[in-house]
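Here is a short report on one protein chain. Look at the sequence and the structure first, then read on.

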Amino acid sequence: MSGLLGKLSPAKRVAGNNDLPLFYVNQTSMEPQRCPRDTPRASVTFAELLMNVEDARNDQSTTRRGLEMVSPITSSASSFDTWTSAPASSISSSPFVLSFNDLTYSVKIQKKFNPLACCGKSRNGSSVNTKILLNSISGEAHEGEMMAVLGASGSGKSTLIDALANRIAKDSLRGSITLNGEVLESRLQKVISAYVMQDDLLFPMLTVEETLMFSAEFRLPRSLSKKKKKTRVQALIDQLGLRSAAKTVIGDEGHRGVSGGERRRVSIGIDIIHDPIILFLDEPTSGLDSTSAYMVIKVLQRIAQSGSIVIMSIHQPSYRIMGLLDRLIFLSRGNTVYSGSPAHLPQFFSEFEHPIPENENKTEFALDLIRELENSAEGTKSLVEFHKQWRAKQAPRNNNGNNRNTNVSLKEAITASISRGKLVSGATNNSSNLTNSFQTFANPFWIEMIVIGKRAILNSRRQPELLGMRLGAVMVTGIILATMFTNLDNSPKGVQERLGFFAFAMSTTFYTCAEAIPVFLQERYIFMRETAYNAYRRSSYVLSQSIISIPALIFLSASFAATTFWAVGLAGGSSGFLFFFLTILASFWAGSSFVTFLSGVVSNVMLGFTVVVAILAYFLLFSGFFISRDRIPLYWIWFHYLSLVKYPYEGVLQNEFEDPTKCFVRGVQIFDNSPLGQVPEAMKLTLLKSMSGVLGINVTAETCVTTGIDILKQQGITDISKWNCLWITVAWGFFFRVLFYFTLLIGSKNKRR
């Protein structure tokens, strides 16, 4: 490493204090000197850093462009502030400029029927009003800068961020959004940008390092070695100031983990692992104390200086945070009331005849004034109009002072960024179409499946209580059934008890699958965040989740079958046990798939449980246990064939009663389920002789009257074999997994309408 540092050169930031300015090392005196604030400087991406480190290890004699890694003076604070810089000669000549013009977005609000209203009614009698959330918003954001959108709650901050991040349907949003003068296509934007939600959506039982590593495996291409991915994650941990928390789990309400500020920085890290050109953030400082908020914005400043455009919404920044921002947009009820540099705020409000007092927080004053105007009769109309006039006067001056090269085409700019390692997840070719120059997904689907499965298994392994509770429920149910129905005999009462056992056992397997409801609901927004920007395919998620659920289902099925089959005294021996086990497994599979599908439709846990319990109750009702198929009314017979309980129930009944030589009702037993069952044995034999004379058939006390086949006919189980019942149950499971996929495909667009 010392050899590398000897070859790499010039500029660096003195680490240790977050407030220290940028310094450079005078090569003659070897003394650190302050860089002029306006001196242009280029920043180094993670990919550049990694490439140079790798080159240094491979070829110690090669001279490369200057980079100098500064050793941290202290642990987390200094690593957070460690920065690298390159000579001015390596400054990118292809800066990115994101421009947006006349963005307008409105929604229709339908109010309840008002009998006093005489106009503005819709055909159904309710009035419809249109609320404008964005009203002709324009502006631009530059590479290397941070743009902040400010305003009170309901001003349109998050809506503007969503509009720029392509999270509003195109047919609902009016206006134009361009990058370097070219319309930014949705597919390309997913590759070169990232969006950090306001909520920290992370797996609670993964450590910080593991969380970032899984993100790297998703977003970085397969061509990048595992070693380089780990190196990149370590560099990102240092930049985010998370070194001291790298081995700490994220945590949740029940598990102690990292702090709120650290969790927020992890959320940012998983979305910038692929070094995006554009980074959108929705209220990144929400819920944080002033120190944590400042550190988060410092991280964002580093990201911007590495060659990215950072656009965020922020509620009320502190004085220190204001010093880090480059551009501001103040919104009031969807209108722009100020846009420009924070340094111009005093001049703007002074010309508006509301000068900002000395020693007053500029943003607090501006927000208070805007809120005061909103509560007045005229609202902020005067401020909006003044801003338009003020911007018109400032435009010529801004154009004259803007020396950025904005004539570079988007393809050239992106190609230049890739060549210097900016987009390590982008793959270029000679295609003339810029969109086709990038892979939609960084990895093939089978790699995605492996990573998703590995992450889910690791997260579940650290929460063994989840599987333990489900196993406990299955075992308790199995033990109760085994003790309640111990060693059933082959009498008429035994037949009824067998029917009750099978009905309860099959329905229990489905009800215990209801625990899968909160599993996906807890991951829903993580899944939406990750798939919104093509971290992995939806099909990979569905297939991976299906496969990793099978071992647990096999274990549960074997435990339940072993607990009940021999204790109850079911028929069939080893082959009968095998079929019983497979039927239980198929029931768990179908039930788990059904509940997983419902969790993709219903977004509320309590509502999901209610729906699952109700539907499973209907399945049991129409399964054929309470009323045989022949007795079900014709207008309900369709529900009988849709019942998930029907097929495993009929399968295990056939497995139990398929032996034609086994008798379940003999001569004297025909009186057991009637009032004659209490008469003496001699009286029953006399009655049998009388019946034999009338029927012309000799019926003795040991004559077999009802076999297992007769019982199946009585239950209306004659049309489907037991193996077909098993395959149909398995097919139901696959069917609901396919429905789950389409539910994710349709219902997780994560866009406003």
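Does Asn 166 count as buried or exposed? At 14% relative accessibility, Asn 166 counts as buried (buried is under 20% relative accessible area, exposed over 50%, partly exposed in between, with a 1.4 Å probe and protein chains only). Asn 166 lies in the loop between α4 (157-164) and β9 (173-179). Helices (H or I, at least four residues) and strands (E, at least two) are DSSP runs, numbered from the N terminus.

Most residues other than glycine have a negative phi. Asn 166 is not a glycine, yet its phi is positive, about 65°. Glu 283 also has a positive phi, near 50°. Glu 283 sits in the loop between β12 (278-282) and α9 (290-305). Glu 283 is buried, with a relative accessible area of 11%.

## How the model is read

This is a predicted model: local features need pLDDT of at least 70, side-chain atom pairs count only at pLDDT 80 or more, and totals for chains, interfaces and linings use all residues. Residues are numbered from 1 along each chain as its sequence is written, and side-chain values use heavy atoms, leaving out hydrogens and water.

## Listed transmembrane regions

An unreviewed UniProt entry lists "transmembrane region" for several stretches, including residues 467-488 and 500-521. UniProt positions follow the numbering used here, feature names are shortened, and annotations may be inferred rather than shown by experiment.

Residues 467-488 are 82% helix and 0% strand, with end C-alpha atoms 31 Å apart. Residues 500-521 are 77% helix and 0% strand, with end C-alpha atoms 34 Å apart.
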